[in-house]
Amino acid sequence: MTAERSQSVNTTPAGSDALADLLKAGRGFFALRDYAQAAECCDRAIELRHDCAEAHLLRGDVYAASGDSEDALDCYQLAVHFSPQHAPAQTALAEALLERGSDVEAEAACRRALSAVPGFARAWLCLGNIRKRRGELAEAADAYRAAWSHDRAETRSLEQLAFVLSRLGQYDKAFEHFRALLDIAPDSHRAHHNFGLLQLETGHAAEALASFTRALQLQPETVESLTCVGHALRDLGRVEEAIAYYHQALALRPAFGDALANRALALLRKEIGRAHV
């Protein structure tokens, strides 16, 4: 069957219904993390209509979730080829390009997404990530603000905005945004952990300890949070306890440099303390 014939067949009501059912089923399987079934639905949808951008986009998401970034990128490129004004597909392409370090191409895809849908929050978020990686922190903050203003459910933009504000030295605003984020997402491990980093950096070790402890309650045995609990305890002068947390982190990831270096420093500090007793 030729591509022209295939397209005419797929525009029939029955073909459209079958395509919609396959995409709905594929999204359902994807949400359940049943990637094999989701992939099968996508492949059947693409057989039914080869130029379906939604099917290629979802297939790319399945590849990405399965760790196959190259095939994901190919699918996103097909999606935008068949539907250049498809903002979610352009944004998925931008994110994939950013992941592989192609910042210029990623920004171009973001711009196409925003040209099609100026208020598409995910595209603004991606643009912020591009600018942050370039070190353009003020411009990144503007993009994150735009993302947050267009979609209050996109908490990643608020988290990134708080982080960038802290890097800009605007600590009061960063604290304000982290508190707002935790009001919205109180069970976010990342939010508690990153708020702890800001608290630790600004000399609030006791508050940082509480944030890192909460992060560990949400995701136990997280190496980074275990290590940061050690940092907070160290800054509070509780060196023995800090060493114990560094040991826990290294038991999970023996080559984790942050824990290795700080455990060595804590052990040295312990020995120096003994020498002066």
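## Helix H9

Helix H9 covers residues 137-150, 14 residues in total. From first C-alpha to last it reaches 20 Å, close to the 20 Å expected at 1.5 Å a residue. The expected span is 1.5 Å times one less than the number of residues. Helices here are DSSP runs (H or I, at least four residues), numbered from the N terminus.

The buried residues of H9 are Ala-140, Ala-141, Ala-143, Tyr-144, Ala-146, Ala-147 and Trp-148. Buried means under 20% relative accessible area, exposed over 50%, and partly exposed in between (1.4 Å probe, protein chains only). These buried residues pack against helix H8 (121-134), helix H10 (155-167) and helix H11 (171-184). Contact means heavy atoms within 4.5 Å.

## Model and confidence

This is a predicted model, in which local features need pLDDT of at least 70 and side-chain atom pairs count only at pLDDT 80 or more, while totals for chains, interfaces and linings use all residues. Residues are numbered from 1 along each chain as its sequence is written, and side-chain values use heavy atoms, with hydrogens and water left out.

pLDDT is the predictor's confidence in each residue, from 0 to 100. The chain has a mean pLDDT of 92, and 93% of its residues reach 70 or more. Over residues 1-12 the pLDDT stays under 50. For that stretch the model has 10 contacts beyond four places in sequence.

Ser-157 is found in helix H10. It is buried, with a relative accessible area of 0%. Beyond its neighbours within four places in sequence, Ser-157 is in contact with Leu-125, Tyr-144, Ala-147 and Trp-148. Tyr-144, Ala-147 and Trp-148 are also among the buried residues of H9.

His-177 sits in helix H11. Its relative accessible area is 17%, so His-177 counts as buried. Not counting residues up to four places away in sequence, His-177 touches Leu-158, Leu-161, Ala-162 and Leu-165.

## Positive phi in two loops

Arg-33 has a positive phi of about 65° although it is not a glycine. Arg-33 lies in the loop between helix H2 (13-31) and helix H3 (35-48). At 66% relative accessibility, this residue is exposed.

Glu-221, also a residue other than glycine, has a positive phi near 60°. Its loop runs between helix H13 (205-218) and helix H14 (223-235). Glu-221 is exposed, at 60% relative accessibility.

The largest pocket holds about 520 Å³ of space. Of its 20 lining residues, Ala-92, Glu-95, Ala-96, Glu-99 and Arg-156 are the closest to its centre. Helix H4 (53-65), helix H5 (69-82), helix H6 (87-99), H8 and H10 each supply at least two lining residues. The lining divides into 9 nonpolar, 3 polar and 8 charged residues. Ala, Val, Leu, Ile, Met, Phe, Trp, Tyr, Cys and Pro count as nonpolar, Asp, Glu, Lys and Arg as charged, and the others, Gly among them, as polar.

The second largest pocket has a volume of about 200 Å³. H10 and helix H12 (189-201) each supply at least two residues of its lining. Its lining includes Lys-132, Phe-163, Phe-178 and Arg-190. By class, this lining has 4 nonpolar, 3 polar and 5 charged residues. On a 1 Å grid over the protein atoms alone, a pocket is an open set of points with protein on both sides within 12 Å along at least five of seven lines, where a 1.4 Å probe fits; lining residues have an atom within 4 Å of a point. Grid points are joined across faces, edges and corners, and a volume is the space filled by probe spheres set on the points.
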